[in-house]
Amino acid sequence: MARYTQNHTNPYLKGTVRLLLSLMWLMGSVGCLSPKTEVIDMTKGDVMIIDDKVYEDIETGILGPTPCSPQKPEDPSFRGILINAPQRVTFIQGRLVPETNTFAKIPICGYYHLNVIYPPKYPSIPEGMRMVAVNTETQEKYVGPVIDCSDAVPPPKTIPFTKEELEGISVAAYFNPNLLEFVPLPEVPGVYEVYIELGEKGEDPYFRSNTVTIVIVAVER
Amino acid sequence: MGGTPGTGSPTREAGGRVQPCAHNCILSVWILNPYPQQGAEVQQFVNLPQGEAYQGHSDEHEDRRGHRIRVRIILRQTIEEARQGNFRFQVRMVPGGSNALYTGQEKNRAHGHYLAQPDNEDWSDPLTISSGNSRVIEDHFSVTAAGGDMFTIQARCVEYRHVVSSIPIRVWRRIWVQEVKMTNVGAARDIIVFRNKFQNGHHLAIRQERAVTMTRMANIGDGRLEKEQFLRNTRRAYDGVRSRFRTRERYVVVIAYTDQLAVKQAGFTVIKDPVAAPGFNTSEAMGHFIDVPITDGTERYLWKGIDDAATDEERFQSWFVSAHFVTGSRRIAIPNSQQNCQPVPDPSFTPVRPDACKKVRVNVARLVPRDTTGRIELVVNVVNRFRGGISYGGGNLICVCTRSWWRSETQLAQNAVLIHEMGHKIGMVPDGNPSRTCDLEHTNALFPNQYRRRGHRGSHCCAGVGPPAAGGEYDGSEAPDCVMFGSSRQNVQDFCPHCTRAVNKVDLSDGWGLFSPSGWSLLQFF
């Protein structure tokens with residue numbers, strides 16, 4: 001059964017959503033959908049139709065497209081960061097998810113398409129990103145990276161690309177961190193607005209992804 | 001029952017009365033069952049358990065394990081021969097001047113495995129020998145958990161205050177390592193650097209058992225299946241020799257040598273825009289090559305030669321996903337892609353490694369009828385990074401790679417990785433969280449160089465490096481002073497003074513649980 005996750009400020013999902021909604025309307029009209037799936041809240045922005053259950057199967061940490069990755073925007077001029085995440089995540093107090101060793105698994109499925117700048121401002125684009133979670137009630141802000149490359153064997157000294165070689169180069173890629181692996185949220189229920197930033201506000205370039213809202217709920221054993 | 005006599009003749013306690021030793025006094029203080037010894041010191045393997053169940057599985061006598069010390073006080077003559085009545089004496093344990101200092105918090109922590117500090121430095125209440133010429137003192141002396149700590153046990157005659165000392169007792173820890181080597185990989189021939197580092201520097205003796213082999217896997221990446229397969233293979237190999245360890249298994253660390261530990265970035269798209277493609281009739285029509293650099297700020301290398309590939313086609317498919325020339329709304333697939341998308345070996349590698357490619361040369365000729373401007377969209381799989389090793393938290397497995405960047409890791413580099421991962425295995429670097437299972441100081445002020453994140457995962461030490469440059473993350477160009485820096489260097493094998501203290505103090509009596517074939521997801525420190 002589909003669940004509708006609200007996403008904010010993501011104009012590139014609109015076309016997809018319209019298409020999917022039309023399809024759903026058609027399917028619903030012939031009785032393919034249960035009544036529950038017809039309840040769609042679009043008041044806060046766009047809708048990305050991914051069942052929370054699909055996120056449970058996402059292997060966090062891998063670098064590549066997954067079934068929950070944001071769709072690549074049609075517009076070739078798009079430069080930015082997009083993320084998808086489950087709407088509701090449950091945890092059992094005092095128990096760790098064996099797969100991640102965190103109290104819950106919250107995949108943040110991301111996609112970016114950005115220009116490669118010269119000279120580089122970060123070791124790499126994903127290493128320059130920050131994952132931000134803001135508790136909607138307390139406004140407390142939690143920040144962490146999206147990737148950890150500390151285990152890397154440093155590369156041999158090589159000749160870097162020149163400015164000319166990087167002229168007109170942009171890059172698009174996927175990432176899927178577990179929010180809790182990088183952002184130390186407390187093990188208590190809460191509602192968080194999560195987004196990803198690259199660069200500092202007021203600087204050029206600065207990018208901020210769409211914001212997703214995640215409800216973390218404690219459940220009984 | 002064996003024993004080691006005290007050193008030298010009776011001495012006068014500072015400030016005590018000067019008396020000739022003309023009566024029946026203490027001849028020596030014997031450490032009971034004093035083997036093994038190193039030089040003139042008795043070795044006390046404090047992390048190993050005492051008890052019958054353990055007997056026979058270790059070279060050390062039971063008395064040389066655990067924290068309890070037994071001594072025998074021996075007189076010159078028997079009470080009966082001396083005819084001077086009962087002999088009264090006192091005992092105490094004197095810690096060495098350079099022993100580890102424990103914080104008040106540590107002393108108060110109820111652990112149960114050891115006493116953080118001997119509480120018996122003061123002279124005991126008088127004890128008596130009423131017959132024979134000796135008495136065994138049981139359950140009175142305990143040493144700390146800290147490797148390298150030194151203790152001497154003293155006895156003195158109550159009447160004349162003559163003091164006799166035992167030979168020194170040095171605190172050691174002992175663990176075993178079982179190497180599991182993939183077949184046909186260049187695993188370190190010896191790990192003497194690793195062993196000496198802990199043994200000589202930190203009184204952590206490492207016994208190395210004969211290595212066993214397991215099936216080779218070309219690469220272990222971030223994917224669940226390959227990690228589980230690797231763990232199953234390692235466990236199968238270890239289970240074959242598990243009986244070697246029996247009750248001491250919890251003091252065994254398994255070292256698995258792998259081929260590569262490369263992490264793949266799949267579906268990495270590089271767009272070059274604008275690109276001019278020649279029309280069919282131009283002179284360049286047969287070949288117009290455009291170099292596409294593979295980068296996202298850092299140079300990315302193609303996923304080439306990482307997996308086992310039997311044919312050129314398989315080798316090509318491992319890195320190539322798709323290539324298009326896009327102009328307006330037209331999206332033209334580059335035909336015959338294996339010929340028209342050529343990986344370019346990076347010439348800066350010496351010697352050149354044909355699989356190390358960070359550029360793809362794309363032929364855009366014969367795609368469009370007239371000269372046209374568009375863009376190349378190239379989708380490839382790339383290496384996100386080569387990892388040096390993994391320490392699986394919660395279990396007793398360390399993983400060391402033997403190849404990265406299309407070359408073999410040196411023996412020294414593998415040893416350096418082992419030292420770093422072993423550091424994590426014993427709880428480095430203390431981070432101020434008192435709930436940690438190991439007994440390390442957990443006052444951040446004592447570890448000013450401890451850090452988390454900054455581009456590294458886990459708790460590390462930035463001694464000699466300082467805070468990262470603007471941007472908040474280390475970039476790999478640092479020259480650290482401590483092997484616990486988040487990114488290992490083969491020429492850095494020493495712990496900094498702060499970390500040294502913690503490595504020495506850590507209580508290893510809990511040991512480690514056996515790694516589980518499904519435990520891939522446990523914490524990974526790097």
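Of the 176 residues that make up the largest nonpolar core, B:I255 and B:C499 are the ones that touch the most other members. A nonpolar core here is a set of buried Ala, Val, Leu, Ile, Met, Phe, Trp, Tyr and Cys residues joined through C-beta atoms within 7 Å. A residue is buried if 20 or more other C-beta atoms lie within 10 Å of its own, exposed if 12 or fewer, and partly exposed in between, with C-beta atoms placed from the backbone. The model is predicted, and local features need pLDDT of at least 70, side-chain atom pairs count only at pLDDT 80 or more, and totals for chains, interfaces and linings use all residues. Residues are numbered from 1 along each chain as its sequence is written, while chains are lettered from A and ligands numbered from 1 in the order in which they are written.

Leaving aside residues up to four places away in sequence, B:C499 touches B:M428, B:V429, B:C461, B:C482 and B:M484, where two residues are in contact if their C-beta atoms, placed from the backbone, lie within 7 Å. In soluble globular proteins, nonpolar side chains tend to be buried together. B:C499 is also one of the buried residues of α8(B), along with B:H498, B:R501, B:A502, B:V503, B:N504 and B:K505. This helix, residues 497-505 of chain B, is mostly covered, with seven of its nine residues buried; helices (H or I, at least four residues) and strands (E, at least two) are DSSP runs, numbered from the N terminus. In the loop between α8 and β29 (524-525) of chain B lies B:F515, which is buried because 23 other C-beta atoms lie within 10 Å. B:F515 and B:V275 are 240 residues apart in sequence, and their C-alpha atoms are 53 Å apart in space.

Chain B as a whole has eight helices and 29 strands, and 48% of its 526 residues are buried. Among its contacts between residues at least 6 apart in sequence, 73% join residues at least 24 apart. Helix α4 of chain B, residues 224-239, has 16 residues and should span 22 Å at 1.5 Å a residue, which agrees with the 22 Å between its end C-alpha atoms; the expected span is 1.5 Å times one less than the number of residues. Buried in α4(B) are B:K227, B:F230, B:L231, B:N233, B:T234, B:R235, B:A237 and B:Y238, and the buried residues of this helix pack against β12 (169-182), β13 (204-214), β14 (252-258) and β24 (397-401) of chain B.

Elsewhere in chain B, three strands form an open antiparallel sheet in the order β16-β21-β20. Its edge strands are β16 and β20 of chain B, each of which pairs on one side only, and the twist averages 30° from one strand to the next; for such angles, axes are lines fitted to C-alpha atoms, for helices over the stretch in contact, and the angles run from 0 to 180 degrees between N-to-C directions. Strand β21(B), residues 357-363, is largely enclosed by the rest of the structure because six of its seven residues are buried. Strand β16 (residues 289-293) of chain B pairs with β21(B) in the antiparallel sense over five bridges, and strand β20 (residues 341-345) of chain B likewise pairs with β21(B) in the antiparallel sense over five bridges; two strands pair if DSSP finds at least two bridges between them. Within β21(B), B:R361 stands opposite B:D291 and also opposite B:Q342, whereas B:V362 is the bridge partner of B:I290.

Chain A comes to four helices and eleven strands, and buried residues make up 40% of its 221 residues. Of the contacts in chain A with a separation of 6 or more, 76% are between residues 24 or more positions apart.

The contact between the chains takes 41 residues from chain A and 46 residues from chain B. On the side of chain A that touches chain B, α3 (125-128), β7 (141-145) and β8 (169-175) of chain A each supply at least two residues, and the largest share, six residues, comes from β8(A). By class, this side of chain A has 25 nonpolar, ten polar and six charged residues, where Ala, Val, Leu, Ile, Met, Phe, Trp, Tyr, Cys and Pro count as nonpolar, Asp, Glu, Lys and Arg as charged, and the others, Gly among them, as polar. β8(A) also pairs with strand β15 (residues 262-277) of chain B in the antiparallel sense over four bridges, and in β15(B) the bridge partner of A:S170 is B:I271.
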